[in-house]
Amino acid sequence: MKSVTIYTDGACSQNPGPGGWAAVLMYNEHKKELSGCEEATTNNRMELTAAIMGMRALNQRCEVALYTDSAYLCNGFKLGWIYNWQRNGWLTSGRKPVENQDLWQELLSLSKKHSIVWHKVKGHSDNEFNNRCDELARAEIKKLTTSKNKAEVST
């Protein structure tokens with residue numbers, strides 16, 4: 001199995017509001033950057049989307065070291081929240097529907113295709129690839145808000 005490293009990050013201008021996500025995939029000397037945006041979203045949705053898009057980019061089963069600054073994303077797997085939610089019919093311990101259930105379900109499906117080790121990194125610190133993901137995600141927000149502002153001016 002190939003060993004791939006994926007760094008991910010999500011960002012939101014307001015919460016909810018325009019958001020961006022990014023993933024940097026690395027395999028041997030190869031590096032691929034992915035990013036995208038949504039007009040109305042939350043930071044947590046962007047964090048989950050970044051991981052989804054990173055894993056979707058893999059075209060075969062891999063050993064994945066996935067790095068994120070999102071405790072929400074990392075703990076979902078490392079602390080087993082996602083498995084408890086699944087057992088409980090996608091309800092929290094408080095018997096409320098799990099937020100972002102659609103994304104968690106897709107992540108669960110993707111995670112079964114790969115061998116993943118989840119790593120929590122400190123955000124906005126000295127981690128080169130986490131910082132690059134943050135830069136890419138914020139650039140997506142800027143592109144989205146700039147094009148929206150241009151559209152409003154021309155109408």
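**Exercise 1. Find what Trp 118 touches, and say whether Trp 118 is buried or exposed.**

Start with the contacts, meaning heavy atoms within 4.5 Å. Leaving out residues up to four places away in sequence, Trp 118 touches Met 55, Leu 66, Leu 73, Cys 74, Phe 77, Lys 78 and Leu 107. Next, check accessibility: Trp 118 has 7% relative accessibility and counts as buried. Here buried is under 20% relative accessible area, exposed is over 50%, and partly exposed is in between (1.4 Å probe, protein chains only).

A word on the model: it's predicted, so local features need pLDDT of at least 70 and side-chain atom pairs count only at pLDDT 80 or more, while totals for chains, interfaces and linings use all residues. Residues are numbered from 1 along each chain as its sequence is written, and side-chain values use heavy atoms, with hydrogens and water left out.

**Exercise 2. Work out how many aromatic pairs there are, and describe the pair of Tyr 72 and Trp 104.**

First, the rule: rings of Phe, Tyr and Trp (its six-membered ring) pair if their centres lie within 6.5 Å; planes under 30 degrees apart are stacked, over 60 edge-to-face, and the rest tilted. That gives 8 aromatic pairs. Tyr 72 and Trp 104 are edge-to-face, at 5.2 Å centre to centre with 75 degrees between the planes. Tyr 72 sits in helix H2 (residues 71-78) and Trp 104 in helix H4 (residues 101-111), so this pair ties together parts 32 residues apart in sequence. Helices (H or I, at least four residues) and strands (E, at least two) are DSSP runs, numbered from the N terminus. Both Tyr 72 and Trp 104 are buried.

Now try Phe 77 and Trp 118: they're stacked, 4.4 Å centre to centre, with 10 degrees between the planes. Phe 77 is in H2 and Trp 118 in strand S5 (residues 115-120), 41 residues apart.

**Exercise 3. Give the strand order of the open sheet, and say which strands stand at the edges.**

Strands pair if DSSP finds at least two bridges between them. The open sheet of 5 strands reads S3-S2-S1-S4-S5, with mixed pairing. S3 (30-41) and S5 stand at the edges with a single partner strand each, so one side of each has no neighbour in the sheet. Looking at S5, 6 bridges join it to strand S4 (residues 62-68), and the two run parallel.
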